[in-house]
Amino acid sequence: MTKIEKKFPEGFLWGGATAANQMEGGFHEGSKGLNIADVLPGGKERLKILQSPGFDFEIHKEKYSYPNHEAIDFYHRYKEDIALFAEMGFKVYRMSIAWTRIFPKGDELEPNEDGLAFYDRVFDELHKYGIEPVVTISHYEMPVNLVKEYGGWRSREVVTFFERYVNAIFNRYKNKVKYWMTFNEINSGLIMPIMGLGFAIHQEEDKYQPTFQAYHHQFVASSIAVKACREIIPNAQIGCMILYAPVYSYDCNPENVMYALQEDRIFNYFCADVQVRGEYPAFIKRYFKEHNIELEIQEGDLELMKENTVDYIGFSYYMSRTEKKVKTAEEAAQGNILSGVKNPFLKASDWGWEIDPIGLRISLNELYDRYQVPLFVVENGLGAIDKVEEDGTINDDYRIDYLRDHIKAMAEAIEDGVELMGYTSWGCIDLVSASTGEFSKRYGFIYVDKHDDGSGTLERKKKKSFYWYKDVIASNGEML
Ligand code: BG6
């Protein structure tokens with residue numbers, strides 16, 4: 001371990017992050033309904049299959065495997081897992097509520113008591129160890145019924161169903177949860193509409209109108225959630241959650257600089273501008289015009305959005321992105337979900353995600369300069385292949401190096417003046433990868449014996465990084 005001079009503030013929220021669909025399993029238990037993740041096949045082609053024309057959002061066991069159905073069985077093993085989080089000293093634990101446990105089809109009038117009771121048990125267990133839950137209300141878990149019957153967030157009616165859902169969970173958990181976030185990586189709808197917005201796009205040119213109309217519905221829904229949260233749980237904080245990947249221009253050619261700026265605005269800032277500042281940014285008018293987007297906005301929407309902005313920005317940070325206006329196929333950054341070109345100064349993970357700790361310091365500074373609201377890094381981590389040695393140890397030094405460099409970057413940003421609430425590293429326990437449905441893409445401090453072919457005992461083991469992170473938290477980030 002190395003000692004750093006820079007200090008994290010008292011009360012810094014150290015912890016880990018997960019999402020219900022990637023770890024709970026129990027996909028039919030407690031009267032839970034089907035959600036998008038339940039019909040997602042395992043394997044690298046999962047998103048392509050889900051978005052292919054004619055996909056029926058049904059389960060086809062004869063053709064595909066479904067890793068999210070059992071996942072790592074947190075549904076039954078949450079006590080054991082939370083005890084391990086407590087052993088690492090977590091102050092907070094970021095998790096999501098599966099909408100379909102509370103409203104199995106999404107459009108019922110009354111919530112499902114079994115689902116509500118499950119999260120009561122989880123929150124009580126966390127509080128037993130003094131761990132505060134940080135809850136994402138919707139993390140790629142839309143009820144399939146809303147996708148099939150209403151076209152996902154294209155439909156205005158879904159706003160009403162969401163309102164019912166947030167009222168149910170705020171009323172039930174008002175004494176148990178004080179950190180909330182509305183939509184996970186809301187801006188990812190532009191690149192993966194099926195996960196966040198609940199519908200597929202088959203042609204690039206058809207994407208703009210439905211995507212931005214769906215965003216509008218989510219902005220209204222988010223403001224409704226903020227308003228309800230303030231009324232029902234006045235001492236809570238509620239944030240937005242964006243996928244942030246700073247966009248670098250490939251070089252100083254002004255054409256490329258301008259292109260990078262546009263990409264940055266549309267992808268990184270558009271949603272946050274609306275959710276933090278409460279209004280559509282000036283730059284979007286031209287974009288709407290050029291892409292023939294005409295939003296249907298109901299009376300009162302804009303006022304609601306203006307009056308109910310978020311308290312903080314939660315964001316995921318995995319990589320930066322380098323852009324060039326005209327790029328060849330050879331220049332494309334393989335594996336980066338965000339396209340762009342290869343950055344010659346960076347190495348990439350086994351899955352092609354470029355590793356850039358300074359990019360996190362840049363992101364924190366850019367976001368704070370623009371918004372001046374508290375920031376919360378709610379996802380960051382390295383997806384890698386881990387090997388269990390013959391003596392049972394897992395020596396994931398590569399993960400420790402990755403996390404150390406990113407934590408150092410946060411310390412620098414705090415010194416730069418950024419107000420940072422906390423850090424929850426992604427996949428604190430191994431779970432199913434969202435983009436590829438693999439178990440072999442592991443992020444955890446805790447290893448889970450579960451494999452891509454579905455085999456495994458589900459036994460939990462502490463990796464080397466488990467002990468390292470425990471010391472990081474105990475020293476409030478001084479010992480890295
Ligand atoms: C974020 C998501 O995009 O990245 C998580 O919020 C996801 O759900 C994480 O798991 C890592 O991505 P992946 O595809 O490696 O699981």
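Mentor: Helices (H or I, at least four residues) and strands (E, at least two) are DSSP runs, numbered from the N terminus. By that reading, Trp180 belongs to strand S4, residues 179-183. The model is predicted, so local features need pLDDT of at least 70 and side-chain atom pairs count only at pLDDT 80 or more, while totals for chains, interfaces and linings use all residues. Residues are numbered from 1 along each chain as its sequence is written, and side-chain values use heavy atoms, with hydrogens and water left out.

Trainee: Is Trp180 buried or exposed?

Mentor: Buried means under 20% relative accessible area, exposed over 50%, and partly exposed in between (1.4 Å probe, protein chains only). Trp180 is buried, at a relative accessible area of 0%. Its C-alpha is 32 Å from that of Asp386, and 206 residues separate Trp180 and Asp386 in sequence.

Trainee: Which residues touch the most other members of the largest nonpolar core?

Mentor: In soluble globular proteins, nonpolar side chains tend to be buried together. A nonpolar core is a set of buried Ala, Val, Leu, Ile, Met, Phe, Trp, Tyr and Cys residues joined through side-chain atoms within 4.5 Å. The largest one here has 155 residues, and Trp180, Phe270 and Met410 touch the most other members. Helix H9 (residues 208-232) contributes the most to this core, 12 residues. Apart from this core lies another, of 10 residues, including Val134, Met181, Val378 and Met421.

Trainee: What is Met410 in contact with, leaving aside neighbours within four places in sequence?

Mentor: Contact means heavy atoms within 4.5 Å. On that basis, Met410 is in contact with Phe8, Phe12, Trp14, Leu360, Leu364, Val377, Leu420 and Tyr423, leaving aside neighbours within four places in sequence. Met410 is one of the buried residues of H14, as are Arg399, Arg404 and His406. The buried residues of H14 pack against strands S1 (13-17), S10 (354-355), S11 (375-379) and S12 (420-426), and against helices H13 (357-371) and H15 (464-474).

Trainee: What span is expected of H14?

Mentor: The expected span of a helix is 1.5 Å times one less than its number of residues. H14 (residues 397-415) has 19 residues and reaches 27 Å from its first C-alpha to its last, close to the 27 Å expected. After H14 comes Gly417, with a positive phi near 110°.

Trainee: How many disulfides are there?

Mentor: A disulfide is a covalent bond between the sulfur atoms of two cysteines. The rule used here is a pair of cysteine sulfur atoms within 2.5 Å, and the count is 0. For Cys240, the closest cysteine sulfur is in Cys271, 8.7 Å away, which is too far for a bond. Cys240 is buried, with a relative accessible area of 0%, and Cys428 is buried, also at 0%.

Trainee: Which residues lie closest to the centre of the largest pocket?

Mentor: On a 1 Å grid over the protein atoms alone, a pocket is an open set of points where a 1.4 Å probe fits, with protein on both sides within 12 Å along at least five of seven lines; lining residues have an atom within 4 Å of a point. The largest pocket holds about 760 Å³ of space, a volume being the space filled by probe spheres set on the points, which are joined across faces, edges and corners. Of its 28 lining residues, Lys207, Tyr208, Glu263, Ile266 and Tyr287 are the closest to its centre. H10 gives the most to the lining, 7 residues. H9, H10 (254-277), helix H11 (284-290) and strand S8 (321-323) each supply at least two.
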